[in-house]
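Hi everyone, thanks for coming. I'd like to walk you through one structure today, a few places at a time. Please have a look at it first, and then we'll start.

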Amino acid sequence: FLTQEGGGFTAEQTCGILGNFYIESGAQITGDLDTVAASAPPERSFGIAQWNSAESAGNRYGNLVQFASKRNLRWQSLYAQLLFTVKELNDMKEYYRYNELKRAKTPEEACLIFEDRFENPKLKKQQKRIDAANQIFRKMTS
């Protein structure tokens with residue numbers, strides 16, 4: 001999806017994004033992304049990107065639900081969440097460092113750019129995200 005319909009990302013860029021999604025959703029690299037992953041209260045974040053429901057975080061989860069509903073999709077579907085990811089990236093290109101992401105040459109570089117603003121975890125430059133991105137890339141290109 002991300003290499004074609006979802007914006008023409010390269011394999012390296014796609015793997016950088018997916019590495020983040022696998023860690024965010026708590027999925028195993030050998031399995032599917034967990035589209036219904038939920039964080040424990042009080043954070044209340046959901047889906048593959050752990051979209052936060054707090055108003056102070058922009059109610060990204062509420063925006064995901066509304067986006068999916070307008071398209072007759074379930075927010076829990078992988079397709080809806082990937083479409084919403086692309087929408088968010090395009091709506092806030094500068095903030096999410098979209099142009100830098102599109103210029104990334106390695107899974108690691110793409111992973112760190114996507115992690116920095118789109119995911120925005122408390123701990124930055126997480127090796128587990130980079131490892132996931134590289135592992136997915138090896139599988140994708142072998």
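Let's begin with T14, which is found in helix α1; helices here are DSSP runs of H or I with at least four residues, strands are runs of E with at least two, and both are numbered from the N terminus. Before going further, a word on where this comes from: it is a predicted model, where local features need pLDDT of at least 70, side-chain atom pairs count only at pLDDT 80 or more, and totals for chains, interfaces and linings use all residues. Residues are numbered from 1 along each chain as its sequence is written, and side-chain values use heavy atoms, with hydrogens and water left out.

Is T14 buried or exposed? With a relative accessible area of 4%, T14 is buried. Buried means under 20% relative accessible area, exposed means over 50%, and partly exposed is in between, using a 1.4 Å probe and protein chains only. Leaving aside residues up to four places away in sequence, T14 touches L2, T3, F9 and M140, where a contact means heavy atoms within 4.5 Å.

E24 has a relative accessible area of 18%, so E24 is buried. Which residues does E24 touch, not counting residues up to four places away in sequence? They are I48, A49, Q50, E119 and R129. E24 and G47 are 23 residues apart in sequence, and their C-alpha atoms are 8.2 Å apart in space.

Now for the loop between α1 and β1 (45–46), where we find Q28. Q28 is exposed, with a relative accessible area of 57%. From Q28 to L78 is 50 residues in sequence and 16 Å in space, C-alpha to C-alpha.

Next, the core. A nonpolar core is a set of buried Ala, Val, Leu, Ile, Met, Phe, Trp, Tyr and Cys residues joined through side-chain atoms within 4.5 Å. The largest one has 35 residues, and F21, W51, L89, L101 and F118 touch the most other members. Two or more residues each come from α1 (11–25), α2 (60–70), α3 (78–91), α4 (98–103), α5 and α6. Which of these gives the largest share? That is α3, with six residues. As for L101, its contacts are F9, Q13, I17, L89, A110, I113 and F114, again not counting residues up to four places away in sequence.

Let's turn to a helix pair. Two packed helices are described by the angle between their axes and the distance between the axes. Helix α5 (residues 107–119) and helix α6 (residues 127–141) pack at about 135°, and their axes are 9 Å apart. That angle makes α5 oblique to α6. Angles under 35 degrees count as roughly parallel, over 145 as roughly antiparallel, 65 to 115 as roughly perpendicular, and the rest as oblique. Where do they meet? On α5 we have P107, E108, C111, L112, E115 and E119, and on α6 R129, I130, A133, N134 and F137.

Last stop: backbone angles. Most residues other than glycine have a negative phi. Here, K125 has a positive phi of about 55° although it is not a glycine. You'll find K125 in the loop between α5 and α6, and K125 is exposed, with a relative accessible area of 65%. N59, in the loop between β2 (51–52) and α2, also has a positive phi, near 45°.

How values were computed: Axes are lines fitted to C-alpha atoms, for helices over the stretch in contact, and angles run from 0 to 180 degrees between N-to-C directions.
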